[in-house]
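Here are my notes after going through the model you sent. They run from the overall picture to single residues.

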Amino acid sequence: MRSLKNTADVRSLIHLYVTTLEARGYRPSVIGAYRAAVEHFVSWAAPDGDHLHVSKAAVRDFLNVHLADCKCLGRIQRGVVTVRSALNHLLMVLGESKLASEVQLSAHLDIELQKFCEYASDVCGLAPATLISRRQWIGRFLAQQFPKGSIEVSRLSPKQIRDFFSSQCRGYRPGTAQVLASAIRSYLRFRALQHADQVESLLAAVPSAASWRLAALPQYLETDEVASLMAAFDRTLPQHQRDYAILRCLVDLGLRSCEVAALRLDDIDWKNGTLTVRTENLNDMMCCPCLLLPDGRSLSICAKPVPPTKAVRFLFVIEPHSTCR
Ligand SMILES: [Zn+2]
């Protein structure tokens, strides 16, 4: 069981929960749904915002007893699957946090962590929940590297940094490894600034977890999702006609966004029903043998005449005062 004694603790917990999910690459919509589920649980478990007890038994009671007959007012997250998943993540976040805080620190390391937290708060402006997380991870790092309490960063080697990450990150998701890496980088920078330690080689040894920025995006849209997207355009409006035609180029012809943007009026051969796609080398032309869009008229409607001063007649242009891009 994990107990939080006051409203600030509860707020910090929710902040830690959200930042942990963000670090692990969850989509904003999923984080929002999970957060709403956790807030629902908190409003049940700690109606006054204080003395929140989180345990597997409490989660089980909430799911089996409260949720089955929930009469909470307002827009509440009640989906059983979502709530169960959200609360399992909550237990996991608390479990990892507890795991990290179980490390017993000597008084010397505790003072060092206190100094780091003051620096991170005053100089870097880190939020309290982030500080809690970083303090725990750095504490674990220091306890392993300097078990006798005397901190001598100059004696650390890049190999020790790599070994630490190898031993700590086993079984963790890339997001958690990234949180740990951020904490250690932050501490090393603190040492460089406050103690003039040489940390360049140590910083270079901190690994970067594979967590791609767009990894949370779906690889492709399902057929019904494409249909919904197509149906979203009001084709009585000129801008929507243009955007619809752009989308048809992407969906029907499989063109890249840069290829669509580079299309010119002269690239369309209406007579033979072909479209010329230019590669990076403008002299190297590729003729697309497929037909144009199934309703090719939409292209012709959207083709805007460009000013005569422009040498290149692009197919898709932005209206002079349009906010639509
Ligand atoms: Zn309820």
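**Notes on the model**

1. **What we are looking at.** Keep in mind that this is a predicted model. The protein chain has 13 helices and 5 strands. Of its 325 residues, 21% are buried.

2. **Confidence.** The mean pLDDT of the protein chain is 78, and 76% of the residues reach at least 70. Among the elements, helix H9 (residues 200-205) has the highest mean, 93, while helix H13 (residues 297-302) has the lowest, 43. Residues 297-307 have a pLDDT below 50, yet this stretch still has 20 contacts in the model beyond near neighbours in sequence.

3. **The largest nonpolar core.** Which residues touch the most other members of the largest nonpolar core? They are Ile138, Leu180, Ala183, Ile184, Tyr187 and Leu202, out of 21 residues in that core. At least two residues come from each of H5, helix H6 (128-145), H8 and H9. H8 gives the most, with 8 residues. Take Ile184 as a way in: setting aside neighbours within four places in sequence, Ile184 is in contact with Ile138, Phe141 and Val206. Apart from this core lies another one of 18 residues, including Leu21, Leu52, Phe62 and Val93. As background, nonpolar side chains in soluble globular proteins tend to be buried together.

4. **H5 against H8.** Helix H5 (residues 107-122) and helix H8 (residues 174-195) pack at about 90 degrees, with their axes 11 Å apart. That angle is why the two count as roughly perpendicular. On the H5 side the contact is made by Phe116, Tyr119 and Ala120, and on the H8 side by Ser186, Tyr187, Phe190 and Gln194. By class, that is 5 nonpolar residues, 2 polar and no charged.

5. **H2 against H3.** How are helix H2 (residues 28-45) and helix H3 (residues 56-66) arranged, and at what angle? They pack at about 95 degrees, with axes 11 Å apart, which makes H2 roughly perpendicular to H3. Phe41, Trp44 and Ala45 from H2 meet Ala58, Phe62 and His66 from H3. The residues of this contact divide into 5 nonpolar, 1 polar and no charged. Phe62 turns up again here, as one of the residues of the 18-residue core.

6. **Arg134, a buried arginine.** Arg134 sits in helix H6. Is Arg134 buried or exposed? It is buried, because 23 other C-beta atoms lie within 10 Å. Beyond its neighbours within four places in sequence, Arg134 is in contact with Ala120, Ala183 and Ser186. Its C-alpha is 8.1 Å from that of Ile184, which is 50 residues away along the chain.

7. **Thr130, also in H6.** Thr130 is in helix H6, and it counts as buried because it has 21 C-beta neighbours inside 10 Å. Thr130 and Thr19 are 111 residues apart along the chain, but their C-alpha atoms are separated by 8.0 Å.

8. **Two partly exposed serines.** Ser43 lies in helix H2 and has 14 C-beta neighbours inside 10 Å, so it counts as partly exposed. From Ser43 to Cys72 it is 9.2 Å, C-alpha to C-alpha, across 29 residues of sequence. Ser85, in helix H4 (residues 80-101), has 15 such neighbours and therefore also counts as partly exposed. The C-alpha atoms of Ser85 and Tyr34 are 7.7 Å apart, with a sequence separation of 51 residues.

9. Ala196 is not a glycine, but its phi is positive, at about 55 degrees. Most residues other than glycine have a negative phi. Ala196 is in the loop between H8 and H9, and it is exposed because 8 other C-beta atoms lie within 10 Å.

Notes: Residues are numbered from 1 along each chain as its sequence is written. This is a predicted model: local features need pLDDT of at least 70, side-chain atom pairs count only at pLDDT 80 or more; totals for chains, interfaces and linings use all residues. Axes are lines fitted to C-alpha atoms, for helices over the stretch in contact, and angles run from 0 to 180 degrees between N-to-C directions. Helices (H or I, at least four residues) and strands (E, at least two) are DSSP runs, numbered from the N terminus. Angles under 35 degrees count as roughly parallel, over 145 as roughly antiparallel, 65 to 115 as roughly perpendicular and the rest as oblique. Two residues are in contact if their C-beta atoms, placed from the backbone, lie within 7 Å. Ala, Val, Leu, Ile, Met, Phe, Trp, Tyr, Cys and Pro count as nonpolar, Asp, Glu, Lys and Arg as charged, and the others, Gly among them, as polar. A residue is buried if 20 or more other C-beta atoms lie within 10 Å of its own, exposed if 12 or fewer, and partly exposed in between; C-beta atoms are placed from the backbone. pLDDT is the predictor's confidence in each residue, from 0 to 100. A nonpolar core is a set of buried Ala, Val, Leu, Ile, Met, Phe, Trp, Tyr and Cys residues joined through C-beta atoms within 7 Å.
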